[in-house]
Amino acid sequence: MAYQVLARKYRPQRFADVAGQDHVTRTLQNALEQNRIAHGYIFSGHRGIGKTTIARILACALNCQNKIGSKERPTPEPCLVCDACTEIRAGNAVDVIEIDAATNRGIDEIRELRDAARYRPSRDRFKIYILDEAHQITDAAFNALLKTLEEPPDHIVFMMATTEPENIPQTIRSRCQHFSFHAVKLDDILNELRGIAAHEGVLADEAALALLAEAGDGSMRDALSIMDQAIASAPMVDGKAELSASEIRELMGTVPNTVFEEILESVARNDSAAVLTTAGRLLDAGNSSSQIARQFVRYLRNCIVAKIASLTEEQNTSDLLQISPDERRRAVRTAMLFTEEELTRFLGVMLRTFDDLGFRQEQRLHLELGLIKLVHLQRLIPIEEFLSQLPKPSNNPTPRTMPPPRPAAAPSTAPSRPAAPPSRYEAGGNVTGLPAKEDPKAPSTAPSASATVTPTASTTTNPSTPVTPAPRFESQPTAAPTPVATPVSTSTEPGAPYIREADVWASREARPVGSVTPVTGRTEGALALAPDPVAHQPANLSPFAPPVAAEPPAAKPATLSPFSAPEPAAPKPANLSPFSTPAVATPPEPSTGLNIHIQPSAVALADPPAAHADEAYDPSWESMPLPDADPDATEPASAPAVTGAASDAAQLQAAAVEALFETKKHNSAAEQLEETTWTIADGEVLIATTLSKPLMSTIFRPDVEAIIKTALREKGLGGVRIVFQPATPESKAKAAAPKKPRTGSAQAKALEHPTVQAAQRLFNAEVTNVFDLRKD
């Protein structure tokens with residue numbers, strides 16, 4: 001008889017002979033004993049673990065001619081002596097048809113199978129179809145088999161074996177009983193190899209058999225195939241083949257794990273030279289870089305499992321490690337050199353190295369680079385350890401200094417005047433800076449220009465108290481009252497009257513003011529000007545500037561009031577245009593960063609408003625840090641004296657258009673701005689466009705708005721808010737009317753060309769679009 005390989009020679013013939021699939025064999029034997037036979041079975045799992053073998057054993061058990069419980073067949077196991085069992089084992093049974101589905105996968109073959117299934121078996125009890133590699137059948141063929149599987153004849157049984165059950169349609173799987181096979185454990189494979197070696201008369205030590213079992217990787221057929229090859233290559237001793245681990249390893253082209261243990265010991269010592277020397281010895285011996293990396297990855301995995309399972313050299317048994325006891329002890333020794341995090345990083349590096357070797361030209365260089373990285377990883381510290389070394393933040397941060405509660409204002413002997421409206425910092429005040437509405441019950445006064453006062457250093461004796469910017473007041477020309485000394489309390493003790501440091505002035509004589517800022521509230525009465533020079537604040541002084549710590553000034557009498565009686569000032573018209581010529585030439589003063597510049601005049605400063613006494617006032621509003629003044633801020637000031645003049649609006653519009661054209665990047669916005677209508681009122685510049693709202697936001701972007709504000713500021717109109725309004729029927733009618741081209745524009749130059757003028761004259765032509773193709 002011809003030689004049979006070990007995988008076929010020692011193929012199981014009974015359910016009890018199948019190794020590692022007890023859950024399947026037990027279920028099938030119970031079904032046979034209870035006569036609960038299904039019409040369809042699906043056996044899926046790893047290669048070489050007994051799927052087709054169990055299908056044949058089940059076919060023998062179904063068609064066995066001896067009944068279960070008889071003398072010849074006391075158990076559900078097949079008797080293996082009847083004609084049916086003998087023919088099935090030999091593979092020539094008429095009623096058991098084994099089909100290679102990888103070859104017969106089409107719809108025509110399935111139609112033939114379906115037609116043949118209608119006929120009863122020739123001799124046996126069942127007609128059985130075994131479809132190997134069933135996942136190769138096409139979807140159309142599976143669909144043709146659906147009806148037969150759903151309502152098959154009572155004599156038909158289908159058995160499908162596959163390694164990819166997910167490729168079988170769900171409609172097929174739902175009509176069959178699905179058995180998932182497990183990978184065979186190392187101990188089960190090792191027991192089978194021992195029995196086969198003893199039966200074949202092969203001399204093999206435990207290390208050699210364990211190496212064969214590990215090479216099987218959970219597949220009994222793979223282990224038997226490698227064993228068959230090792231027996232053929234083994235030397236003969238007394239007429240018997242002798243297997244050794246070294247020869248089997250050389251036959252398979254694998255590297256002993258002792259080499260990887262040596263490499264990791266060198267890594268633990270930070271010895272890069274030893275690592276490269278060991279890797280070079282392996283490569284020079286003819287081992288491929290991919291094979292070394294693959295085995296190293298497996299060895300690192302075993303080390304990580306040993307570390308996680310807390311194995312020791314004495315207690316090294318774990319179902320997670322399907323390796324020999326010697327290899328378990330080796331993995332445990334290596335795992336003790338590193339932490340779990342370090343081993344995990346090593347495995348990640350080697351996995352990336354193994355992936356890179358698949359598409360790199362210089363594989364040796366990449367393998368050596370990956371091994372050197374393992375040495376460098378030893379020098380890294382975990383992120384948790386690094387964070388633990390950082391200083392911990394304080395649990396009690398220093399609270400922000402808050403001003404003391406503000407009681408009622410101290411009594412003053414100054415002439416009485418109407419109560420001032422709430423400050424911009426008080427509850428109910430106009431915080432946004434919009435013009436405040438005048439009280440109709442308040443006495444009417446002559447219009448006057450607004451002035452901003454620069455506060456001096458504080459007179460308080462407590463330098464830790466935060467300094468806040470002084471509020472802005474609007475002056476009113478009134479008769480000069482008699483100077484009366486008013487006691488001012490600078491104490492910050494509880495219960496004492498609170499006066500802000502910025503509200504105290506050190507000078508008393510009136511002087512010209514070069515710049516005026518619109519204010520939000522109105523202050524009745526005159527404000528006294530300081531006669532002495534005052535310390536200049538930063539140029540861009542703003543009510544939103546952050547507090548600046550003030551140095552203690554020279555001691556002054558506490559009973560003197562910082563507010564003296566003002567001198568009468570000549571009233572000044574309120575509607576003063578920024579384009580008017582100053583009546584009196586005065587020397588320029590340092591810029592204060594304010595927006596509206598009015599003709600300087602001697603304006604008397606009135607007393608500051610009474611201290612905040614209302615209960616709604618929150619002192620934290622003044623002590624909180626505020627952003628620096630932004631010259632481009634859109635916070636509108638109160639209506640300047642220039643609003644309402646059509647000529648001024650036209651000049652401002654022309655200046656903004658010219659500024660946009662000068663940038664050479666916003667010509668479209670400039671042309672659209674020419675067609676707009678400007679209205680200046682209540683601290684706002686209302687620009688009525690001829691565009692829709694989406695198109696308006698596209699053309700008049702924030703950068704365009706910034707250029708317009710800069711142009712208005714250069715013309716003396718700053719601190720106003722620009723509001724773009726979408727198109728209205730009136731603006732659309734205006735846009736439909738012909739427009740005169742801008743002087744110096746490309747369209748104006750085109751209309752001045754003789755050829756264009758001749759075409760207009762002869763053909764009554766109209767120029768709609770002009771393209772400027774000049775390079776300059």
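Contact here means heavy atoms within 4.5 Å. I started with Leu-193, which touches Leu-209, Leu-212, Ala-213, Ala-223, Leu-224 and Met-227, leaving aside residues up to four places away in sequence.

**Ground rules**

I'm working on a predicted model, where local features need pLDDT of at least 70 and side-chain atom pairs count only at pLDDT 80 or more, while totals for chains, interfaces and linings use all residues. I number residues from 1 along each chain as its sequence is written, and side-chain values use heavy atoms, with hydrogens and water left out.

**Entry 1: Leu-193, continued**

I found Leu-193 in helix 8 (residues 186-200). Helices are DSSP runs of H or I with at least four residues, strands are runs of E with at least two, and both are numbered from the N terminus. Leu-193 counts as buried because its relative accessibility is 0%. For that label I use under 20% relative accessible area as buried, over 50% as exposed and in between as partly exposed, with a 1.4 Å probe and protein chains only. I also checked the spacing to Met-227: the two C-alpha atoms are separated by 8.2 Å, with the residues 34 apart along the chain.

**Entry 2: the whole protein**

I zoomed out and noted 26 helices and 13 strands. Of the 776 residues, 41% count as buried. I also looked at contacts between residues at least 6 apart in sequence, and 78% of them join residues at least 24 apart.

I listed its buried residues as Ala-141, Phe-142, Ala-144, Leu-145, Leu-146, Thr-148 and Leu-149. Their cover includes helix 5 (107-116), strand 4 (156-162) and helix 7 (170-173).

Glu-133 counts as partly exposed because its relative accessibility is 26%.

**Entry 3: helix 13 against helix 17**

Helix 13 has 13 residues and reaches 18 Å from its first C-alpha to its last, close to the 18 Å expected at 1.5 Å a residue. I have Ala-274, Val-275, Thr-278, Ala-279, Gly-280, Leu-282 and Leu-283 down as its buried residues. Helix 12 (257-268), helix 14 (289-308) and helix 17 are among what covers them.

How do I describe the packing of helix 13 (residues 272-284) and helix 17 (residues 363-377)? The angle is about 150 degrees, and the axes are 10 Å apart. That makes helix 13 roughly antiparallel to helix 17. Axes are lines fitted to C-alpha atoms, for helices over the stretch in contact, and angles run from 0 to 180 degrees between N-to-C directions. Under 35 degrees counts as roughly parallel, over 145 as roughly antiparallel, 65 to 115 as roughly perpendicular and the rest as oblique.

The crossing is right-handed. By convention, that is the near helix turned clockwise from the far one by less than a right angle, and anticlockwise is left-handed. From helix 13, the contact uses Ser-272, Val-275, Leu-276, Ala-279, Gly-280, Leu-283 and Asp-284. Helix 17 brings Arg-364, Leu-367, Glu-368, Leu-371, Ile-372 and Val-375. I sorted these into eight nonpolar, two polar and three charged residues. My classes: Ala, Val, Leu, Ile, Met, Phe, Trp, Tyr, Cys and Pro are nonpolar, Asp, Glu, Lys and Arg are charged, and the others, Gly among them, are polar.

**Entry 4: helix 14 against helix 16**

Next I looked at helix 14 and helix 16 (residues 340-357), which pack at about 160 degrees with axes 9 Å apart. The two are therefore roughly antiparallel to each other. Their crossing is left-handed. The residues that meet include Ala-293, Phe-296 and Val-297 in helix 14 and Leu-343, Phe-346 and Leu-347 in helix 16. By class, I get 14 nonpolar, three polar and four charged.

**Entry 5: two serines in one loop**

Ser-310 sits in the loop between helix 14 and helix 15 (325-335). Its phi is near 55 degrees, positive although the residue is not glycine. Ser-310 counts as exposed because its relative accessibility is 57%.

Ser-324 is also in the loop between helix 14 and helix 15. Is Ser-324 buried or exposed? It counts as buried, at 10% relative accessibility. I noted that Ser-324 touches Leu-186, Ala-210 and Glu-214, not counting residues up to four places away in sequence.

Methods:
Expected span 1.5 Å × (residues − 1).
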